[in-house]
Number of protein chains: 2
Amino acid sequence: MTGRLFIVGTGPGNPAQMTPETREAISAATEFFGYGPYLDRLDLRADQHRIASDNREELDRAQAALARAAAGADVCVVSGGDPGIFAMAAAVCEAIDKGPAEWRKVDLVITPGVTAMLAVAARIGAPLGHDFCAMSLSDNLKPWEVITKRLRFAAEAGFVIALYNPISKARPWQLGEAFAILRQVLPPHVPVIFGRAAGRPDERLTVMPLGEADANRADMATCVIIGSPETRIVPRDGKPDLVYTPRSFTGESR
Amino acid sequence: MTGRLFIVGTGPGNPAQMTPETREAISAATEFFGYGPYLDRLDLRADQHRIASDNREELDRAQAALARAAAGADVCVVSGGDPGIFAMAAAVCEAIDKGPAEWRKVDLVITPGVTAMLAVAARIGAPLGHDFCAMSLSDNLKPWEVITKRLRFAAEAGFVIALYNPISKARPWQLGEAFAILRQVLPPHVPVIFGRAAGRPDERLTVMPLGEADANRADMATCVIIGSPETRIVPRDGKPDLVYTPRSFTGESR
């Protein structure tokens, strides 16, 4: 008899942004697989066991979780944000795709969550209020030339661009290079939002024009949102500026 | 003394997918502005008043809500899904941008939510596990030529494409035309997901290859996700197929 495999997202880190559905899934499982800092967000009971692994061992972690679920355990795989956005749901599906036939019999329950770009957007206005794209800037899993091609297409299309995994110790120059590429296509006034730890006590939100955007403002916990030429800033006395992208496209700013 | 303006998203409609933060914001307000079916999702108290309006009157609704908040009321503007994705947060920001100076003094609290594409993705696997874009297919707010240009760029870029507002009585042919355009760029095997009312009792999920995709499968409550050439289907005996896009891009499928 196979167990269940829950794949959940904790949301951005603020417990008030985790859905009741996800909380219930966590309550139903007894073994938890995930990156340590995400597991730290859970209040586990004494009968619930954590198996922490490094951030880059996603396929190994998915396989380990599936093996335990196939053996009858109720298992939970934990991502930050939403599990379907640059996170563990795809790793588990890939492990099933390539794995033994019995893994296809495991009951899979995926609960959606609030992904980082939504939390950042909510704190600053509505930068994602018009067409947008979301890209991982990590070249661990795809060639850098594919990333640069996509950045150019996205800017030409007029998408607002949300960048996940913008920078890390092992990838220090990619975000600066991405800004340089985008400056070739987009006007310098386009707002760039550095949204770090949105909704958490250590939150830090910075907005600067693309022409002056400094990659050093980002770290691993930052989601970077680059506006389109239509994205606007609304100054407010005594309150943070609002940044939003109008629902209507007029093309006037081109 | 100005009141507060909460801008919330109910999530896809399943109450277990609404965050505690959003529930708390709803509890703190006394006047609710929104499209009737979204307001119907709330369990309002006797002292909480609903002001329902039609789906296409977003800017008017935002202005009415701001006027009440500026007059001192605690007001809540309600969207389905996430308020920042093709929804009311951008309409409120636009109303502030164009409105009287006192509207900039209103305390704005935006709570993020689970947007439709995340709920659909979670029910079927991980189609958004790699780079993707989200577009509204409505040509009420932008020219059709802008939409078709973006569809081509998105497909050329290799993005998975999530389409919001794919079809309505007033816009019956646009989705079929979008499929026709995408067939010129993408291979016919690319999976297309029609995700209707994900997580609700009337949920309906259908997957078909782009070569056979039939626009009549969609209605106003459907989010359509078109895979990339890398998106894969995992058949499972006695369970629904999984659809996922691998985290790694190899280019082998091209």
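Predicted model: local features only at pLDDT ≥ 70, side-chain atom pairs only at ≥ 80, totals over all residues.
**Entry 1: secondary structure and overall form.** I began with chain A and looked up its secondary structure, which comes to 7 helices and 13 strands. Along the principal axes, I found that the C-alpha atoms of chain A fill a box of roughly 60 × 40 × 35 Å.

**Entry 2: burial and contacts.** I noted that 59% of the 254 residues of chain A count as buried. I next took the contacts in chain A with a separation of 6 or more, and recorded that 68% of them join residues 24 or more positions apart.

**Entry 3: surface and charge.** I recorded an accessible surface of about 9,700 Å² for chain A, with 49% of it belonging to carbon and sulfur atoms. I listed 28 positive and 30 negative side chains in chain A, and the centres of these two sets lie 2 Å apart.

**Entry 4: nonpolar cores.** I looked up the largest nonpolar core, which has 59 residues; A:Leu151, A:Phe179, A:Ile226, B:Leu151, B:Phe179 and B:Ile226 touch the most other members. Helix α6 of chain A (residues 144–157) gives the largest share of this core, 7 residues. Another core, of 40 residues, lies apart from it, and I noted A:Val114, A:Ile193, A:Val243 and B:Val114 among its members.

Terms used. Residues numbered from 1 in each chain as written. Chains lettered and ligands numbered in written order. Heavy atoms only, no water. Helix = DSSP H or I, 4+ residues; strand = E, 2+ residues; numbered from the N terminus. Buried < 20%, exposed > 50% of the residue type's maximum accessible area, 1.4 Å probe, protein only. Contact = heavy atoms within 4.5 Å. Areas by Shrake-Rupley, 256 points an atom, 1.4 Å probe, with all protein chains shown as cover. Lys, Arg positive; Asp, Glu negative; His and termini not counted. Charge placed at Lys NZ, Arg CZ, Asp CG, Glu CD. Core = buried A, V, L, I, M, F, W, Y, C linked by side-chain atoms within 4.5 Å.
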